Amino acid sequence: MAAVSAAPRRRGPLAGLLIGHVISLTGNMLTIIALPLYVLAETGSAAATGITGAVATAPIVLGGALGGVVVDRIGYRRASIMADLVSGVTIGAVPLLDATVGLPFWALLVLVFASGLLDTPGQTARNALLPEAATAAGVPLERAIGWYEATERAARLIGAPVAGLLVAALGSLTVLAIDAATFAVSAAVVAALVSASLRPAERTADDGGNYWHDFAAGVRFLLTEPLLRALVLLVLVTNFFDATKSNVLLPVVAQRELGGAAALGLLVGTMGGGALVGSLAFSAIGHRLPRRATFVTAFAVGGAPPFWSLAAGFPLPVQAAVFAIAGLAAGAINPLIGAVKLERVPAHMRARVYGVIGAAAWAAIPLGALSAGFASDHVGTTAILVTVGVGYFLVVLTPLLGGPWRTMGRPPSDQRQQDPATVTA
């Protein structure tokens with residue numbers, strides 16, 4: 001039979017999601033750098049700075065878990081635009097109020113909390129639209145997710161040093177005003193490029209109209225999906241391990257053995273850069289790779305080796321090489337998890353399920369940091385690094401045992417996306 005051309009490709013929606021996402025996340029990095037410096041300059045108090053950081057962090061879990069239902073209800077495109085606009089208003093109010101009527105500390109905390117509460121649902125909304133945008137563009141799902149993760153890593157890798165330079169040159173309040181403008185630009189890009197017709201399936205009879213009913217439906221769905229449950233448990237444990245390194249063990253080793261802040265920045269940046277390259281590489285070839293084997297390999301190379309390298313006391317160039325290789329491998333992890341989520345979660349409830357998954361995966365991070373700090377004081381960093389590294393390596397091998405992990409492969413209906421140029425009749 002003759003070949004029939006596929007439906008016309010529309011790359012605008014996918015480009016709009018990626019551009020809007022990178023602009024919004026770059027704005028977040030401006031806030032992360034400028035806000036604590038503003039508080040410290042205004043109050044002179046490290047405690048006040050710490051309180052502000054806690055208030056800015058808490059809504060990430062709360063907004064992700066509870067905001068997903070709202071995102072599902074109002075629509076993903078609209079939720080992304082509204083989240084950016086409200087975040088822009090709340091952040092922009094900080095320099096505006098400071099320059100006019102004044103800004104009490106309690107009012108600053110309210111604004112920071114409100115901004116963080118809506119930021120995670122906005123990111124979730126953009127993520128939830130990826131399958132439809134990828135289909136419209138004729139792009140395999142893994143490639144679209146790889147691009148999405150690469151933009152996220154690039155925003156964080158580039159945004160932090162740019163924010164530092166801007167704060168030094170212009171001051172914290174001016175940078176916060178620029179941050180507010182980035183949210184407005186992100187909202188405008190999504191509004192202009194992501195068509196309102198690009199939306200997933202409509203709500204079904206399972207959505208009873210009650211907020212808590214819909215929230216419970218998202219939790220129940222996660223609990224009844226064996227592979228998603230296994231993924232959440234694995235990421236919960238590995239996030240615990242990662243928090244011991246990033247929040248305590250790596251800074252301690254960098255300060256005591258590798259030369260201080262410059263070494264810390266080099267290793268963090270090197271791993272981040274490697275992850276960016278890894279995400280881009282996965283976007284190009286990931287749809288051709290066996291999922292479970294790639295997932296285990298990426299986690300095994302990206303997880304434990306940095307712990308063991310720090311424990312071995314290698315010189316800084318060797319440490320940087322290990323961290324770069326680990327980051328390169330780790331760049332494939334989030335796109336793989338994202339592909340599985342997008343395939344398994346019904347379109348009309350993506351946001352609420354993603355929110356529950358994110359909150360569960362982040363839950364152990366504070367405990368990891370606290371445990372590492374206590375253990376390091378009583379046992380020493382080397383023993384903790386070796387032990388956590390061994391635990392990390394063993395945990396990430398569990399998908400090889402089978403069980404629900406056997407279902408991680410690409411569904412048969414997705415095979416034709418690997419070459420979406422034509423279909424045959």
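Biologist: Where is T182 found?
Modeller: T182 sits in helix 7, which covers residues 172-193. Keep in mind that this is a predicted model.

Biologist: Is T182 buried or exposed?
Modeller: T182 is buried, because its relative accessibility is 14% and the cut-off for buried is under 20%.

Biologist: What does T182 touch, leaving out residues up to four places away?
Modeller: T182 touches I23, G27 and L30.

Biologist: I also want L25. Which helix is that in?
Modeller: L25 lies in helix 1, residues 12-43.

Biologist: And is L25 buried or exposed?
Modeller: Relative accessibility is 2% for L25, so L25 counts as buried.

Biologist: What is L25 in contact with, beyond its neighbours within four places?
Modeller: L25 is in contact with Q123, E152 and A155.

Biologist: How are L25 and F183 placed, along the chain and by C-alpha atoms?
Modeller: L25 and F183 are 158 residues apart along the chain, and 8.9 Å separates their C-alpha atoms.

Biologist: Zooming out, how many helices and strands does the protein have?
Modeller: There are 16 helices and two strands.

Biologist: What share of the residues is buried?
Modeller: Of the 425 residues in the protein, 50% are buried. The accessible surface comes to about 18,200 Å², and carbon and sulfur atoms hold 70% of that.

Biologist: What about contacts with a separation of 6 or more?
Modeller: In that set, 87% are between residues 24 or more positions apart.

Biologist: How does the span of helix 3 compare with what it should be?
Modeller: Helix 3 runs over residues 76-99, and at 1.5 Å a residue its 24 residues should span 34 Å. The end C-alpha atoms are 35 Å apart, which agrees.

Biologist: And the span of helix 4?
Modeller: Helix 4 has 24 residues and should span 34 Å at 1.5 Å a residue; its end C-alpha atoms are 36 Å apart, so the two agree.

Biologist: How do the axes of helix 4 and helix 5 cross?
Modeller: Helix 4 (residues 105-128) and helix 5 (residues 130-137) have axes that come within 5 Å and cross at roughly 35°.

Biologist: Which residues meet there?
Modeller: From helix 4, R126, N127 and A128 meet L130, P131 and E132 of helix 5. By type, the contact is made of three nonpolar residues, one polar and two charged.

Biologist: New topic, helix 12. Which of its residues are buried?
Modeller: The buried ones in helix 12 are Q319, A320, V322, F323, A326, G327, A329 and A330.

Biologist: What about the span of helix 12?
Modeller: Its 15 residues, 316-330, should span 21 Å at 1.5 Å a residue, and the end C-alpha atoms of helix 12 are 20 Å apart, which agrees.

Biologist: Last one, G389. Where is its place?
Modeller: G389 is in helix 16, residues 381-396. G389 has a relative accessible area of 0%, so G389 is buried.

Biologist: Which residues does G389 touch?
Modeller: Not counting residues up to four places away in sequence, G389 touches A304, F307 and W308. Its C-alpha is also 9.7 Å from that of S309, 80 residues apart in sequence.

Notes:
Residues numbered from 1 in each chain as written. Predicted model: local features only at pLDDT ≥ 70, side-chain atom pairs only at ≥ 80, totals over all residues. Heavy atoms only, no water. Helix = DSSP H or I, 4+ residues; strand = E, 2+ residues; numbered from the N terminus. Expected span 1.5 Å × (residues − 1). Axes fitted to C-alpha atoms, helices over the stretch in contact; angles between N-to-C directions. Contact = heavy atoms within 4.5 Å. Nonpolar A, V, L, I, M, F, W, Y, C, P; charged D, E, K, R; others polar. Buried < 20%, exposed > 50% of the residue type's maximum accessible area, 1.4 Å probe, protein only. Areas by Shrake-Rupley, 256 points an atom, 1.4 Å probe, with all protein chains shown as cover.
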